[in-house]
Amino acid sequence: MKQWRFSSIMLWVGLIFLYLPMLILVIYSFNASKLVTVWGGWSIKWYGELFRDEQILTAVWTSLRIAFYSSTMAVILGTLAAFVMTRFRRSRGRFTLSTMITAPLVMPDVIIGLSLLLLFVQMGELFGWPAERGMTTVWIAHSTFCAAYVAVVVSSRLREMDFSIEEAAMDLGATPLKVFFVVTMPIISPSLIAGWLLSFSLSLDDLVIASFVSGPGSTTLPMVVFSSVRLGVSPKINALATLIILIVAITAFIAWYFARRADQRSRAALNNEGAA
């Protein structure tokens with residue numbers, strides 16, 4: 001009983017530690033004062049100011065596009081790498097590839113950003129591309145380090161997969177490409193979705209790497225927020241953060257709802273089979 005009470009206390013302490021700052025931020029997004037730390041009454045004027053700020057809106061749209069393209073490319077590259085790491089177990093280069101793929105997971109973002117910056121500069125001098133840093137270089141950089149996370153997530157699912165299912169499909173005449181799209185992909189689809197969402201979040205949240213490889217016209221939202229915080233936190237940032245929290249909460253609720261419905265359907269199907 002004492003252990004249960006202690007674990008309950010630690011649970012509530014952890015929840016308060018995580019979500020109390022968010023609650024304070026949401027409350028202060030309705031603050032009428034220009035000073036973030038001084039309460040001046042309830043007001044929603046900063047939400048209007050936020051939607052009239054062209055710089056922030058442009059940065060939001062840029063970040064969303066980069067995150068979408070980066071996460072999609074990261075899923076493709078990470079899935080290919082995961083297949084090599086799990087299927088070609090006797091290959092001599094498998095260990096080297098696994099080490100190189102997982103290196104960005106433990107490497108500081110400063111080193112990744114600086115190395116990619118030097119790479120783009122050398123490529124520009126040797127091949128004339130990229131002529132300047134912009135959305136393309138940020139997309140390549142984000143795809144590079146996000147692919148490592150996707151590879152880890154997908155490879156863990158592939159290791160748990162029963163390969164005899166694929167072998168049975170090929171014995172029945174299916175080509176390897178058809179086996180992948182018809183048999184393998186539906187089985188690993190949860191890991192693909194998880195990898196895509198993780199990559200999207202990492203790309204949307206990145207500041208350090210984007211600061212190295214971005215250029216004019218490719219300023220992301222974290223860069224705009226960081227530059228504004230250095231000059232003094234604006235209540236518009238609180239309003240923006242509140243909207244992001246709201247969108248994330250709605251998305252999480254929708255995902256939980258559909259997952260719950262799917263679980264109920266699977267349980268109902270198992271009960272019907274048991275009754276039959």
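This is a predicted model: local features need pLDDT of at least 70, side-chain atom pairs count only at pLDDT 80 or more; totals for chains, interfaces and linings use all residues.
Local features need pLDDT of at least 70 and side-chain atom pairs count only at pLDDT 80 or more, while totals for chains, interfaces and linings use all residues. Residues are numbered from 1 along each chain as its sequence is written, and side-chain values use heavy atoms, leaving out hydrogens and water.

Start with the largest nonpolar core. A nonpolar core is a set of buried Ala, Val, Leu, Ile, Met, Phe, Trp, Tyr and Cys residues joined through side-chain atoms within 4.5 Å. Buried means under 20% relative accessible area, exposed over 50%, and partly exposed in between (1.4 Å probe, protein chains only). This core has 23 residues, and Leu116, Val154, Leu158, Ile188, Ile209 and Val213 touch the most other members. Two or more residues come from each of α3 (54–87), α5 (109–127), α6 (135–160), α8 (176–205) and α9 (208–213). Helices are DSSP runs (H or I, at least four residues), numbered from the N terminus. The largest share, eight residues, is from α6.

Take Leu158. Leaving aside residues up to four places away in sequence, Leu158 touches Ala82, Phe83, Thr86, Arg87, Phe163, Thr184 and Ile188; contact means heavy atoms within 4.5 Å. A second, separate core has nine residues, among them Tyr47 and Val224.

Now the largest pocket. A pocket is an open set of points on a 1 Å grid over the protein atoms alone, where a 1.4 Å probe fits, with protein on both sides within 12 Å along at least five of seven lines; lining residues have an atom within 4 Å of a point. The largest pocket holds about 1000 Å³ of space. Of its 28 lining residues, Phe200, Leu204, Ile244, Ile247 and Val248 are the closest to the centre. α11 gives the most to the lining, with 11 residues.

Aromatic pairs come next. Rings of Phe, Tyr and Trp (its six-membered ring) pair if their centres lie within 6.5 Å; planes under 30 degrees apart count as stacked, over 60 as edge-to-face and the rest as tilted. The structure holds 11 such pairs. Tyr28 and Trp39 sit edge-to-face, 5.7 Å centre to centre, with 85 degrees between the planes. Tyr28 lies in helix α1 (residues 2–28), and Trp39 in the loop between α1 and α2. Trp196 and Phe200 are stacked, at 5.3 Å and 20 degrees. Being four residues apart in helix α8, they are separated by about one helical turn. Trp196 is partly exposed at 25%, whereas Phe200 is buried at 19%.

Methods. Grid points are joined across faces, edges and corners, and a volume is the space filled by probe spheres set on the points.
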